[in-house]
2 protein chains.
Amino acid sequence: MAGSDTRERILAEALDAFGTRGFDAVSLDDLAEELGVRKQTILYHFGSKAELFAAVIDTAVVELGEAMVEAGRGRTGWPAVESVINAVFRIAVRQPERLGLLREVTRLGGEWSDRVRQSLAPVIERARLFLTLEMRRGNMRQTDPNLLLVSTYSTVMGVATEVEVLRAVGIEPTLREAVRRRRELLRFLEAALR
Amino acid sequence: MAGSDTRERILAEALDAFGTRGFDAVSLDDLAEELGVRKQTILYHFGSKAELFAAVIDTAVVELGEAMVEAGRGRTGWPAVESVINAVFRIAVRQPERLGLLREVTRLGGEWSDRVRQSLAPVIERARLFLTLEMRRGNMRQTDPNLLLVSTYSTVMGVATEVEVLRAVGIEPTLREAVRRRRELLRFLEAALR
DNA sequence: ACGTCACCTTACCAATTGGTCAGGACCCCT
DNA sequence: AGGGGTCCTGACCAATTGGTAAGGTGACGT
């Protein structure tokens, strides 16, 4: 009973480590030490480092997708966009490692990206349909929905997580600043979309 | 005389490798093999892997900054923004490893980011002044220049380099698509800024 | 009492890593 | 001819890596 608890603890710690330090930079020994456990315990629950990473991706990305879908459910037009972006920002502030993990996966590419793509495909499709519909209704400027998605993704991801870039322009990554950034980003997007 | 040539070859190959595969994923042995040289040769020219990386950063980032400043020189208003973004896109298409390197550095953080920040500080300051001036003149919407810089950086970087994300929404990373993306991004930015 | 199963550990390993050390080849200057 | 500098290499190394094999421990059903 307490055994399954260990598995969950490993998953949580691994999500944090992979999301902030990256796959290569996290060794099983480090991870084990942070958990107060031997490396072999990790390998017992998840046959290899790759399988552990896959498990982390599966849980984290699915949860992220659900959060986004949930935030948009029942809304239309600009409020829907606003709500989804707010939801993502909330995650970016409270659990930055989750977006960090997503970025790490796209960085690694290959099979890892495939895995995430499959998980997020329905969410993306949903967003594409939403945008197409809103444009047809005249609630948004006519643009290529795919490119719009990429731009928005990049912007949110960057503004939410690129701490070093923020520092470069003199913005300290505090909670207050994050709120300002979110508001500013929404104004920016609204101006471009409506 | 031909000796200094080796040094340059190492720098070029290292830029490519670090920019596409990342610092951790590139071993000195790999790098040496690609160059048809022994690892010790690399260590002879650049005392350590860290020093090599630092040298790569210094050359690549400085050149990037110069390209941006050059693109903006002599222009004002929207055409200046357009010109700089075109310049960055040109690099993104022809030498994606250069932007990849920049992203890798911000990912690693710490001293590496400091290094880049110092190199790019004058460019950033220049851009900030430009934006402030344009806003005062009424050529651009009033927003926080810093946040605007981060948003634009993230968007350009993402749209230009996030191949995996592009694939996720069904955009293949071809030259033709890159041109479309650039045009779309400019329309997007223009709508938001003017 | 006994087997067994889930869970975790110790002991160990082969491969890879960045880095050191001691040369070797070549060129230039005297 | 010979000394010294530049450039490159082979031999070697300690540390770290992900992973294997085998053993221990406790709970639980019979």
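At roughly what angle do the axes of helix α6 (residues 96-108) of chain B and helix α8 (residues 145-161) of chain B cross, and within what distance do they come?

Author: This is a predicted model, in which local features need pLDDT of at least 70 and side-chain atom pairs count only at pLDDT 80 or more, while totals for chains, interfaces and linings use all residues. Residues are numbered from 1 along each chain as its sequence is written, with chains lettered from A and ligands numbered from 1 in the order in which they are written.

The axes of α6(B) and α8(B) come within 11 Å and cross at roughly 130°. Helices here are DSSP runs of H or I with at least four residues, numbered from the N terminus. Axes are lines fitted to C-alpha atoms, for helices over the stretch in contact, and angles run from 0 to 180 degrees between N-to-C directions. The two helices are therefore oblique to each other, a term for angles that are not under 35 degrees (roughly parallel), over 145 (roughly antiparallel) or 65 to 115 (roughly perpendicular).

On the α6(B) side, the contact is made by P96(B), L99(B), G100(B) and R103(B), and on the α8(B) side by M157(B), A160(B) and T161(B). Two residues are in contact if their C-beta atoms, placed from the backbone, lie within 7 Å. By class, these residues divide into 4 nonpolar, 2 polar and 1 charged; Ala, Val, Leu, Ile, Met, Phe, Trp, Tyr, Cys and Pro count as nonpolar, Asp, Glu, Lys and Arg as charged, and the others, Gly among them, as polar.

A residue of another helix, R181(B), is found in α10 (residues 175-193) of chain B. R181(B) touches V159(B) and L147(A), not counting residues up to four places away in sequence.
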